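Please open the structure in your viewer and keep the selection panel at hand. The tour below goes from one stop to the next, saying what to select and what is there.

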Amino acid sequence: MKGKKKSYKWVPYLFLIPYLIAFFAFRFGPSIAGFFVSLTRWNIVGQAKFVGFGNFVELFKDPNFIKSLVNTLYFMLLTVPSLVIGGLLIAMLVDQPLKGRTVARTFVFMPYVIMSTVVGVIWLWIFDAHFGILNYYLGFLGIKPIAWLSSINWAMPAVAIATVWWTIGFNMILFLAGLQDIPNELKEAARIDGASSWQVFWNVTLPLLTPTTIVVIMLTLINTFQVFAQVYVMTGGGPSMATLTVVQYMYVQSFQYYRLGYGSAIAYVIFMFLVIFILIEKKFLKRFGDES
Amino acid sequence: MKNRGKKRLIRLLLYFFLILCIITSFFPILWMTVSAFKPEGEILSYPPQWVPLHPTWSNFSYVLSKFNFARWTFNSIVSAVVAMIIVIFIDSLAAFAFARMKFRGNRVLYSIIISMLMVPIQVTIVPLYLMFANMNLLNTLIALILPTTGNVTGVFILTSFFKSVPQDLLDAAIVDGAGSFRIWWSIMLPLARPSISAVAIITFMSNWTSFLWPLVSVSSDASRTLPVGIAQFFGGQSGVSGSAPQYGPAMAAALMATIPAIAIFLFLQRYFVKGIMMTGIKG
Amino acid sequence: MKFRTVLLVAVAVLIFGALSMAQPLQLAFWGGWTGPDGNVMRQLVAEYNSTHPNVHVTLTTMQWTPLFTKFLVSSRGGQSPNILAMHGPDVPEFASYGLLTPISNVLQAAGFSAKDFAPAAWNGTFYKGKQYAFPLDLHMNSIYYNKKLFEKAGITPPTGWISGKEFLNMAIKLTLDKNGKHPGEAGFDPNNIVQYGIALYSLNWHGFLEWYELLRQEGYNFLNPSMNKIGYPLQAGEKAWKWLQDLFFKYHVAPVGANSPLQDFLIGKTAMLEDGPWEIPAMKAQKGLEWGTFPVPQVFAHKAVWGSGHVLTIPVHQDKAHMKAAEDFVIWLVKHSDKWALSGNIPAYNSARKYASSLIGRNGFLKEAEYVAMLPRIPKESQVFSSASVSPIVVAGQNILVRNQNIMSVMKWMNQQINMILAQ
């Protein structure tokens, strides 16, 4: 056995090579190229001018960028808990042997496949202050019309609501797959030992689900930090930059102001922030994992 | 007696939440569906009009007759399905190596790959474009497929799932003398069916709704995908675009565009079934 | 046997050759018309294709922002379209990047000269003394009005230019609270307004444009003559903002923070709307709406209205044959631009504009045609006059017209931001 293993040292690389080729060619390479762009001043068509870390220096003095960063953190605060916990709860619900669970899975996931521009129109129709249907039905409850998308206080929560609706299906799918991986036998054994449903969930399901939970939390952090389409189609970042997010700012600088170097610098600051987030998350979850 | 009553209550409660989930997620889509059958002037009516007063097929016939909708759908399906298959194949191979094999540079390589999740994808657009322009591959389905194959999410999810497969299941196969490829093919893949179908769904959908890359990489109508095609007659926000909004055709097109995606979803979600033990023993 | 083979090959070669000769020259034409205007252009293109069998034009439409992104990226890869539509004020930026072909000789050869076009449209095609574009149309703000609501209020809609005062009185009469009271009357409740006088844009960059036309009515330019600094006196700017701000917060004749003023007007929530002619197809589609247009109010000393115009450009990176075919197509399009009026836009070509006057609802726009004030044409247009949320002009409009902030301090901030961009 052991001898065999030794002689096939190259086997792992054989498994890796197809993916690594694709990864280095289409993801890593262009990203590194993007990093070099961030060291230049470049409008896409002209000659790139090397400016060192000038873009980064400018960035940290740019009040719009600071604002977009604060907004994005606020957005994460509003969405991450509901996306993770809600995703788990829905996944557990549609994991039960209930009639119509396939229908529920499909409907919860469905918003995820709709084009972003159409999602924008749908939510404009829901949130509009004058003809919006949310205000129309809230009116029956005696609640005064709220200018959801045009007030600086309500715009971000409105975007957050739409985001949860739009992307919770993604987390549901991951949790569902994770739940399926937990052998029924373990849960049944616990139940036979007299554990209540809650105890089964807390002592069996949740610990066994930890790898999935880590994946989901990490992807949710990354995706919400990089939120773009929802904001772009619902508020465009307004009013008064109340919903401006970092990736949107990067998009504006790169593709609307044609300052690709500056935009790429934003991308790499986003990268730095996310690395810090993920390191913190890992530390936190490790401790959580040790305790349970 | 008491216990049974409690069980019934819980069941009732579960159904209540199930229906709640269905309603809240479907309700905005219902509006899209209803709007697709309304003439333009009725769509943003007030108070809300849930049944079209003058139901019409004109939005659908407009989209289907004026534009090459069938071709866009074909391109979308082909590029998303091919990308999905390639991704599942190469990602599950790589994830198997990362999760279950010891080799030099495992952790470093894995960290490099995962770190790319944190670089916003938009930054790669222009470099990718110049690369595909050099290879003379713009305006092809290949240009729509290849960049997806370098995606990170799939490897990340699969590695994490593969790690949690109990080692004794694999050991049994190793004792039987199965090679790495056998283990990967006949034990790992069947065991990880739920997670593989999750990755398949996610990969398919991200290709299905992708906009920026298909927008810049493809110019000819013959290789356009659905989101870029639909953008031809739908601008999103009115007032900024300088064109009058035209919601009806966009809603009809969006509705038609969800159908293949839903079909794929229904097909793949069937693999969310508990079958682990059964297939595991076969080895 | 052998002879027959040779013959067969010869015939095949001939057929193949004939086929490849008959293969029409392909032209890619990009424009930002995503609504019913796109259909009108597609029809024009189809007409050209059917009458010119050796050329085939393919129109690609898409919102301007991603379209220009795509244009820049494609130009870098040497794949620009053969014809690109844009707005007059966009010309300097793309011309300064070296992406557009100067075309004054082509215009001359086709027999076009300045006097054949509306002056604002013609002037919008130049950069640094060179002409880079064919003027296609003009589109400017105007006031749309709801005939039924005017009738109910007992107001005869004006047909020509009216003063700011007359306009305000009208708007007040058209604003009603729950009890049927107008603003200014005793007991008027500004929190329960059921019908507003006018829908004004305030969340997007049109808020700034409404102000810009008032500034021009006072006789000032936004930038200094060398176009490198803000050039208007603060007091003039304040007066213009004040007039707009009062419509929202003092007289309550315009709903604050409307997401979609067009929809508000279409469903009868407001009796008037200030918007461009591109909305005409939406007006026509709305069931039960009877509407007309008249010019924007002349609030200050001069008549002026914000406007812009579509122009057609020939990007570089193409061979002579394609360039020639593209020029021929554009010349044809300008000459047949009377039908383009169906999109709502007012043709720039004088003889084509006459047709527009026979169409309904064009009154306001036609009366404004000679008073159009375009934005200054500068190479940094995409940053200075951006419609993005971080754009100083957008934020200024939101702060003043939605959040009712102090005009002077907002304006000073806006000026400083714009001076900074211009100095970069």
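Two strands are said to pair if DSSP finds at least two bridges between them. With that in mind, and remembering that this is a predicted model, begin by selecting F134(C), which stands opposite L312(C) in strand 14 of chain C.

**The sheet in chain C**

Now widen the selection to strand 6 and strand 14 (residues 310–313) of chain C, which run antiparallel and are joined by three bridges. Both belong to an open sheet of five strands in chain C, whose order is 2-1-3-14-6 and whose pairing is mixed. If you colour strand 2 (55–61) and strand 6 (133–135) of chain C, you will see the edge strands, each of which pairs on one side only. As you follow the sheet from one strand to the next, the twist averages 25°.

**Two domains of chain C**

Colour chain C by its domain assignment, which gives domain 1 (25–136 + 309–373) and domain 2 (142–307 + 386–423). The C-alpha centres of these two domains lie 29 Å apart, and the contact takes 17 residues from domain 1 and 23 residues from domain 2 of chain C.

**The nonpolar core**

Show the largest nonpolar core, which has 310 residues, and pick out those with the most contacts inside it, among them V118(A), A254(B) and I198(C). Helix 8 (residues 155–181) of chain A gives the largest share of this core, 17 residues. Because domain 1 and domain 2 of chain C both give residues to this core, it lies between them.

Centre the view on A254(B): leaving aside its neighbours within four places in sequence, A254(B) is in contact with residues including I114(A), V118(A) and I230(B).

**Where chain B meets chain C**

Finally, select the 30 residues of chain B that are in contact with 36 residues of chain C. The largest share of this side of chain B, four residues, comes from helix 5 (125–134) of chain B, while helix 11 (212–217) of chain B also gives two or more. This side of chain B has 15 nonpolar, twelve polar and three charged residues.

Conventions. Residues numbered from 1 in each chain as written. Chains lettered and ligands numbered in written order. Predicted model: local features only at pLDDT ≥ 70, side-chain atom pairs only at ≥ 80, totals over all residues. Axes fitted to C-alpha atoms, helices over the stretch in contact; angles between N-to-C directions. Core = buried A, V, L, I, M, F, W, Y, C linked by C-beta atoms within 7 Å. Buried ≥ 20, exposed ≤ 12 C-beta atoms within 10 Å, placed from the backbone. Domains from an automatic or database assignment. Contact = placed C-beta atoms within 7 Å. Nonpolar A, V, L, I, M, F, W, Y, C, P; charged D, E, K, R; others polar.
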